[in-house]
Amino acid sequence: MKMTTQDEFAEHEIVATLGLVTGNTIRSRHIGKDILAGLRSIVGGEVTEYTKMLAEAREQSLDRMRANAQRLKADGIVGIRFTTSPIMAGAAELLAYGTAVRLRPRGDAPGASASEAAAKVIPKTGDNFMLERG
Amino acid sequence: MDGFEKLGYACLGLLALFYIGALVVGSIAAFPFGLLGLVGLVGIGVLFVKVIGERLRNREDDHYSKNVDQ
């Protein structure tokens, strides 16, 4: 699954837009880590307990968004964004969202070899089907 | 988790156990009105057991806890 924050891929062109896909989670650390984080704020520096919490939330929301896109049989997700909001003390919500798309390699792209594109039929909207260029 | 962290958690766990024990003894000593507190304590305890059980069975949480650091 290809994912990007851009609106399109350099090596692939979008042949179908499948719609919005999201993935979100709310995570917290256990009370021991919360106490450690509170003590760490006294002396300053990185609060590694919450760094880990947000990293876990980021990866989990990305995985859930990717799973939603796979259910739509998407090849990629474009325009990915993250948003976060405070739910309760010591917990964070992370929402990842983007647009699921179907892709085909661009003819002039380095990855678009003749073998991978040959005789690959990609359905387009409506009745017409497009044969990929070799 | 280093030695300091383990020692800290052990002390806090011990404190929590004594504190809960004191709450239970206090609730029984204040019979019959103490029963109200005891019922609340049992309710929270049951919910806490449910939360712990769900966390222990959650493989997805284990995956992110073990494999994601930064």
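Predicted model: local features only at pLDDT ≥ 70, side-chain atom pairs only at ≥ 80, totals over all residues.
View 1. Residues are numbered from 1 along each chain as its sequence is written, chains are lettered from A and ligands numbered from 1 in the order in which they are written, and side-chain values use heavy atoms, with hydrogens and water left out. Chain A has three helices and six strands, where helices (H or I, at least four residues) and strands (E, at least two) are DSSP runs numbered from the N terminus. Read from the N terminus on, the elements of chain A follow the order β-β-α-α-β-β-α-β-β.

View 2. A pocket is an open set of points on a 1 Å grid over the protein atoms alone, where a 1.4 Å probe fits, with protein on both sides within 12 Å along at least five of seven lines, and its lining residues have an atom within 4 Å of a point. The largest pocket has a volume of about 1200 Å³, a volume being the space filled by probe spheres set on the points, which are joined across faces, edges and corners. Its lining holds 29 residues, and R29(A), H30(A), I31(A), G32(A) and R55(B) lie nearest the centre of the pocket. At least two lining residues come from each of β2 (12-28), α1 (31-43) and α2 (48-71) of chain A and from each of α1 (3-29), α2 (34-57) and α3 (59-67) of chain B, with α2(B) giving the largest share, six residues.

**View 3. A nonpolar patch on the surface.** The residues I31(A), I35(A), L39(A), I42(A), V43(A), L12(B) and L15(B) form a nonpolar patch with about 740 Å² of accessible area together. The elements that give two or more residues to this patch are α1 of chain A and α1 of chain B, and the largest share, five residues, comes from α1(A). L15(B), found in helix α1 of chain B, counts as exposed at 53% relative accessibility.

**View 4. Salt bridges within chain A.** The structure holds 13 salt bridges over all chains, each being a side-chain nitrogen of Lys or Arg within 4 Å of a carboxyl oxygen of Asp or Glu. One of them joins the side chains of E13(A) and R104(A) at 3.0 Å, N to O; E13(A) lies in strand β2 and R104(A) in strand β4 (residues 91-105) of chain A, so the pair ties together parts that are 91 residues apart in sequence. R104(A) is buried, with a relative accessible area of 11%. The side chains of R27(A) and E56(A) also meet in a salt bridge (3.0 Å, N to O), which links distant parts of the chain, from strand β2 to helix α2 of chain A, 29 residues apart. Both ends of this pair are buried, R27(A) at 8% relative accessibility and E56(A) at 2%.

View 5. R59(B) and D62(B) meet through their side chains in a salt bridge (2.9 Å, N to O). Being three residues apart in helix α3, R59(B) and D62(B) are separated by about one helical turn. R59(B) is exposed, with a relative accessible area of 59%, whereas D62(B) is buried, with 18%.

Definitions and conventions: Patch = residues over 30% accessible without salt bridge, like charges linked within 9 Å, V, L, I, M, F, W, Y side chains within 5 Å. Areas by Shrake-Rupley, 256 points an atom, 1.4 Å probe, with all protein chains shown as cover. Buried < 20%, exposed > 50% of the residue type's maximum accessible area, 1.4 Å probe, protein only.
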